[in-house]
Amino acid sequence: MVNPNEDTEFNDALRAHGILPPKPPSRSPSPDIPHITHQDAIRAIAATADTDQLVTLLENDNLDSDDERMFEDYKRKRMNELKKEEKKGRFGSMEHLSREDFVREVTEGSKVNPDQNQDQVGSSNDLNEEDEEDQKGGLRGTGVVVFLFKDSVPLSQHLRPLLHQLAAVHPSTKFLSIPAGLCIPNYPDKNVPTLLIYRNGEISGNVIAGMGLKGMKTTVRDLEGLLLYYKAIEKPSSALLRQQNADGDSEEENDEYDFDNKVGGVNSRSTNIRSGGIGLGTGRGKNESDDDGDDDSDFDL
């Protein structure tokens, strides 16, 4: 008996004469699986490994010279990336400021670009092409926030931990604190606390007695928004936003603050400030009248 499914010449002849039905179409061949070379596998491992993993891989005695070279190249790349991040995030806490260090730490310190050393201030020729590319579209120099406080003033006590929190989540901005009377002798209590904000050697903001904030109801997000307005920081902290969402804060309580309309009268253009040595016009507190002539006096270092 003829098996019509057998692939024989006899069955082919029967099909040719129409005695057997045609053979069913065969399945299309499976697509070729791309061949992964050993070098491709090593490159994939190196590209996804962190510095510690690369160090461990390099300790393998069975590595050939090509694999070792590739791991070394990626390790060097990771180390350079870490160094670059460390330069940009070189602060991370609010430090004490002495009066004699004001110009060096604040005015001159605000001129330092993240990828420069202090000794390179003012020398644009020292920036390499990669550094110059990083600065395009960004802010030049370093943001510096100086907190003039007095412990007996409640708002000073309220803002201090908020500034510490911001310093931790914005490590590329320098946060400094100094007693107001030590920084500027006879500085009026009604102007405390004061925030002096510098960027690239110039004062960009002078916030006197919490102007533009919400007094004792000021939140860390309010203060962050004000520092964004004055370019002390470049963008909001994702960590603060995650914390806000985790805490379940209402949208009403955390609406973006309208600093364009509510900070008026506290920036460097509206007060008598000299960036070279913090000659500071005391400005006005929230309840001071416009015709109070005593508020225009200078307190020079």
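**Strand β2 and its sheet**

Q: Which way do the residues of β2 point, and are they buried or exposed?
A: Gly 143, Val 145, Phe 147 and Phe 149 point one way from β2, while Val 144, Val 146 and Leu 148 point the other way; all are buried. Buried means under 20% relative accessible area, exposed over 50%, and partly exposed in between, with a 1.4 Å probe and protein chains only.

Q: What kind of model is this, and how is it numbered?
A: It is a predicted model, where local features need pLDDT of at least 70, side-chain atom pairs count only at pLDDT 80 or more, and totals for chains, interfaces and linings use all residues. Residues are numbered from 1 along each chain as its sequence is written, and side-chain values use heavy atoms, with hydrogens and water left out.

Q: Back to β2. What does it pair with?
A: β2 pairs with β4 (residues 194–199) in the antiparallel sense over 6 bridges, and with β3 (residues 174–179) in the parallel sense, also over 6 bridges. Two strands pair if DSSP finds at least two bridges between them. Strands here are DSSP runs of E, at least two residues, and helices are runs of H or I, at least four, numbered from the N terminus.

Q: Which residues sit across from Val 145 and Phe 149?
A: The bridge partner of Val 145 in β4 is Ile 197. Phe 149 stands opposite Pro 179 in β3.

Q: What is the strand order of the sheet?
A: The sheet is open, has 5 strands in the order β1-β3-β2-β4-β5, and its pairing is mixed. β1 (94–96) and β5 (202–208) are the edge strands, each pairing on one side only.

Q: How is β1 attached?
A: β1 runs parallel to β3, joined by 3 bridges. His 96 stands opposite Ser 177 in β3.

Q: Which helix lies across the sheet strands, and at what angle to β2?
A: α7 lies across β1, β2, β3 and β4, at about 160° to β2. Axes are lines fitted to C-alpha atoms, for helices over the stretch in contact (heavy atoms within 4.5 Å). Angles run from 0 to 180 degrees between N-to-C directions.

Q: New topic: how many helices and strands are there overall, and how much is buried?
A: The protein has 11 helices and 8 strands. Buried residues make up 37% of its 301 residues.
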